[in-house]
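Reader: I would like to go through this model by way of its contacts and packing. Where shall we start?

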Amino acid sequence: MSEEEKLQEFEARIARGEKIEPGDWMPAEYRRQLIRMISQHAHSEVVGMLPEGAWITRAPNLRRKLILLAKVQDEGGHGQYLYHAAESLGATREEMIDALLSGRAKYSNIFNYPSLTWADIGTIGWLVDGAAIVNQIMLAQSSYGPYSRAMVRICAEEGFHKKQGQEMVMRYAKGTPKQQAMIQDAVNRWWWPTLMMFGLPDKDSPHHEILRRWGVKVRSNDDLRQEFVNELAPQLLALGLTIPDPDLHHDETTGNWVYGQIDWDEFWRVISGNGPMNKERMAARRQAHEDGAWVREALEAYAQKQVAGSR
Amino acid sequence: MSQWPRYEVFQQDKEGRPHQNAGSVHAPDAEMALQNARDVFVRRPNCLSLWVVPAAAIFAKTAQELAEDDTWQEELDSNTDQETYYVFQKQSQRRAMTYVTHVGEVEASSPAQALQRALQKYKGGTPYVWWVCPARAIFRSETADVESMFAPAHDKTFRMPNEYRVVAQMYEIRQGE
């Protein structure tokens, strides 16, 4: 078969709803886009452990501490599922970790914002994980088998992340005036960065067309963002909270909650390294890697000793 | 920095169900790979048994590869040393989590011969992906380890979404609006 025929067959398979698996023919650009997307997604899970990990020792009770520990463990595990999916395309773990630690790789912008109070933990769970789920349910239908399966597994676990966060936001919103003020402050700070998580508007997104054509993404950024706002806005308002968007309103004809202008200048400022926490996140990640060096060395020495002993 | 070998992980969810591929982990040896597999794939109570296999010991072909190329095949030879190979297939294209699932064993003297025998023995359905690996390459959780490896996840009910009554609570709040 010629390259052109292979491409036609590849696109026909995707149109039939088949998954592309490691070993199958795929265009080089499909492979390149997937490695870019999946490795960024993996890095996001790993860096995403940091804002919440910072609060584990300060959880207000044992139940909350166990929940937070379990959630942060899950994020670490999700990073592992995703690195595996990227490796199935020929990327190596070593290259990907090196790209993260050297600062070459991108990760989700949301983790460059600080978690200032305990109320942020609930807000991150409901808003940030809630937004991630909307995106990941879409990606579970992706045409690439290993990515799709990692997403199914992750979505099943993220349900807990979102609900524990929602439980906390609801409790604080119905709690003491001080708790209400804390949760309102957290919602005020996280609302807009959460909406940016869905990525640039479709018309400005450089990869959008090719990702849709090859079934890597099956819905648009704006579509997913609207679904999220439609779900969250009425619930936050029902709890007596306000949303920091004077233009937000319910459109009776479309049924949508229409939101105001997103500050994409802020998005570009943060993603290019000038957000509030970029330097701290990378420093913490490098420190964790260096602090773990002795564990890796010990495991390596033990494995070599076993091999020597069995000879 | 140099990375450790990759091990494919197979997980059995329920008694009587086959082992299924869950993903992979890196580790310096099989014992550590099994521990890593437990931490990565079994944070929730749905596992009875885990296998890890060095990725390098797996011979894999997709249906597309089989259709386009048969140069990997060898002349079948029953006389040389035979050993047991495990056979795995991806049998479904539905949007589910299933990838390759353990379907059985064949005797063969090389990975290529094992795949040829598997193609004859397990030809039912329309498998999309085939994996074979020698049985001796599989490192398994022991029955005695099941309690210590997998039971702790049972008590952590707070990891399950149905621990949180937020949907009902939100409904009550909005009814009172």
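Author: Start with the contact rule: two residues are in contact if their C-beta atoms, placed from the backbone, lie within 7 Å. Note that this is a predicted model.

Reader: Leaving aside neighbours within four places in sequence, which residues is A:Trp192 in contact with?
Author: A:Trp192 is found in helix H8 of chain A. Neighbours within four places in sequence are left aside. That leaves A:Pro244, A:Ile262 and A:Asp263.

Reader: How far apart in space are A:Trp192 and A:Ile262, C-alpha to C-alpha?
Author: In sequence, A:Trp192 and A:Ile262 are 70 residues apart. In space, C-alpha to C-alpha, the distance is 7.1 Å.

Reader: Is A:Trp192 buried, partly exposed or exposed?
Author: A residue is buried at 20 or more other C-beta atoms within 10 Å, and exposed at 12 or fewer. A:Trp192 has 18 C-beta neighbours inside 10 Å, so the residue counts as partly exposed.

Reader: And A:Leu68, buried or exposed?
Author: A:Leu68 is found in helix H4 of chain A. Outside the four places on either side in sequence, A:Leu68 touches A:Glu52, A:Trp55, A:Ile56, A:Ala59 and A:Ile121. Within 10 Å there are 21 other C-beta atoms, so A:Leu68 is buried.

Reader: How far apart in space are A:Leu68 and A:Met26, C-alpha to C-alpha?
Author: The sequence separation of A:Leu68 and A:Met26 is 42 residues. Their C-alpha to C-alpha distance is 40 Å.

Reader: How do the axes of helix H7 and helix H8 of chain A lie: parallel or oblique?
Author: H7 covers residues 145-173 and H8 covers residues 177-196. Their axes come within 7 Å and cross at roughly 130°. That angle makes H7(A) to H8(A) oblique.

Reader: Which residues of H8(A) make the contact with H7(A)?
Author: By class, this contact has 5 nonpolar, 2 polar and no charged residues. H7(A) brings A:Val169, A:Tyr172 and A:Ala173. H8(A) brings A:Gln179, A:Gln180, A:Met182 and A:Ile183.

Reader: Which residues touch the most other members of the largest nonpolar core?
Author: This core has 67 residues. The residues that touch the most other members are A:Ile38, A:Leu82, A:Ala86, A:Tyr147 and A:Ile183.

Reader: Which strands do the buried residues of H3(B) pack against?
Author: Helix H3 of chain B covers residues 111-121. Its buried residues are B:Gln113, B:Ala114, B:Leu115, B:Gln116 and B:Ala118. They pack against E4 (59-62), E5 (83-90), E6 (101-108) and E7 (129-134) of chain B.

Reader: On the side of chain A that touches chain B, how many residues are charged?
Author: The contact takes 40 residues from chain A and 36 residues from chain B. H4, H5, H7, H10 and H13 of chain A each give two or more residues to that side. By class, the side of chain A has 12 nonpolar, 13 polar and, as charged residues, 15.

Reader: What is the radius of gyration of chain A?
Author: The C-alpha trace of chain A spans about 65 × 55 × 35 Å along its principal axes. With 311 residues, a compact globule would have a radius of gyration near 19 Å. The value for chain A agrees with that: 21 Å.

Definitions and conventions. Residues numbered from 1 in each chain as written. Chains lettered and ligands numbered in written order. Predicted model: local features only at pLDDT ≥ 70, side-chain atom pairs only at ≥ 80, totals over all residues. Axes fitted to C-alpha atoms, helices over the stretch in contact; angles between N-to-C directions. Helix = DSSP H or I, 4+ residues; strand = E, 2+ residues; numbered from the N terminus. Parallel < 35°, antiparallel > 145°, perpendicular 65-115°, else oblique. Nonpolar A, V, L, I, M, F, W, Y, C, P; charged D, E, K, R; others polar. Core = buried A, V, L, I, M, F, W, Y, C linked by C-beta atoms within 7 Å. Rg over C-alpha atoms; globule rule 2.2 N^0.38 Å.
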